[in-house]
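Grab a pencil and have a go at these exercises. Try each task yourself before you peek at the solution.

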Amino acid sequence: MSLPSAYSEAPTYSKDRGGNHTSVDLVESKPLVDRNISDAVFLVVMGVSGTGKSTLGAALSKALRLPFIDGDDLHPQSNVDKMSRGEPLTDADRQPWLEIIRRTAVSSVLSQLGDDHGLHVTSPVRDEDQKLGIIIACSALKGSYRSVLRGETVSEAEASKYSGKLPTCFVYMKGSREVLMDRMMKRQGHFMKAEMLDSQLRTLESPENEEGVVTVSIEWSTEDQVREVVRALEDGEGQ
């Protein structure tokens with residue numbers, strides 16, 4: 001599969017003792033003075049539990065050569081505890097988590113531009129024609145959640161010397177309840193309970209009629225999913 005020439009080697013994130021992503025491996029960064037945050041892309045791999053968001057996110061990271069973070073790792077501990085007990089999260093629980101995801105994406109791109117904005121995040125040297133961005137897996141079930149992830153509740157231009165806003169593209173992993181339940185029952189060591197799948201499916205508001213969305217079937221191979229996302233990005237369908 002041919003890939004865009006604008007991608008280069010992805011940075012690797014490290015974790016603190018709490019398991020949170022804190023920085024990428026320390027490498028000298030090169031300021032890209034003629035570029036701004038609107039030149040980048042924030043790719044959100046979304047869908048209910050069991051769709052394979054982390055698998056696809058990691059594969060896209062390798063193919064597009066952009067950093068990848070599993071959004072589950074950014075949950076506050078209180079959220080993890082609730083889900084481990086089989087208790088669904090409320091919108092109030094999710095709000096700070098979604099804001100953390102958006103801030104993490106913005107700070108990563110700022111570091112790629114050569115400005116860590118006081119957040120002490122570094123990333124590899126990037127050529128001026130190289131695509132900037134980050135990939136994060138997040139369920140993003142409701143339209144209101146996706147609004148937060150798009151940064152529609154924050155003024156990013158005011159938070160940075162770079163003009164514009166970080167463009168956001170959603171990769172929607174779509175699948176039937178039967179396939180999802182079968183996958184869920186086979187998973188080990190995940191805090192998500194299989195019984196919560198129906199609750200997630202009831203909550204899901206399909207993003208298919210929204211702008212900046214690429215839909216892939218969970219029954220496709222990972223390679224075919226990656227191929228479709230790369231094609232859509234090259235054609236400008238996801239932005």
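Predicted model: local features only at pLDDT ≥ 70, side-chain atom pairs only at ≥ 80, totals over all residues.

**Exercise 1: a strand and its neighbours**

Task: Work out whether strand 3 is enclosed or open, and find the strands it pairs with.

Solution: 
- Step 1. Start with the strand itself, residues 41–46. Six of its six residues are buried, so strand 3 is largely enclosed by the rest of the structure.
- Step 2. Now look at where the side chains go. V41, L43 and V45 point one way, while F42, V44 and M46 point the other way, and all are buried.
- Step 3. Next, find the partners. Strand 5 (residues 133–137) pairs with strand 3 in the parallel sense, over five bridges. Strand 6 (residues 168–174) also pairs with strand 3 in the parallel sense, again over five bridges.
- Step 4. V44 sits opposite I136 of strand 5, and V45 sits opposite V171 of strand 6.

**Exercise 2: charged pairs across the chain**

Task: The structure has eleven salt bridges. Take the one between R150 and E210, then the one between E208 and K174, and describe where the partners sit.

Solution: 
- Step 1. The side chains of R150 and E210 meet with N and O 2.8 Å apart. This pair links distant parts of the chain, 60 residues apart: R150 is in the loop between helix 4 and helix 5, and E210 is in the loop between helix 7 and strand 7.
- Step 2. Check how covered each partner is. Buried means under 20% relative accessible area, so R150, at 16%, counts as buried. E210, at 26%, is partly exposed.
- Step 3. Move on to E208 and K174, whose closest N and O atoms are 3.3 Å apart. They too link distant parts of the chain: E208 lies in the loop between helix 7 and strand 7, K174 lies in strand 6, and 34 residues separate them.

Key. Residues numbered from 1 in each chain as written. Heavy atoms only, no water. Buried < 20%, exposed > 50% of the residue type's maximum accessible area, 1.4 Å probe, protein only. Helix = DSSP H or I, 4+ residues; strand = E, 2+ residues; numbered from the N terminus. Pairing = 2+ DSSP bridges. Salt bridge = Lys/Arg side-chain N within 4 Å of Asp/Glu carboxyl O.
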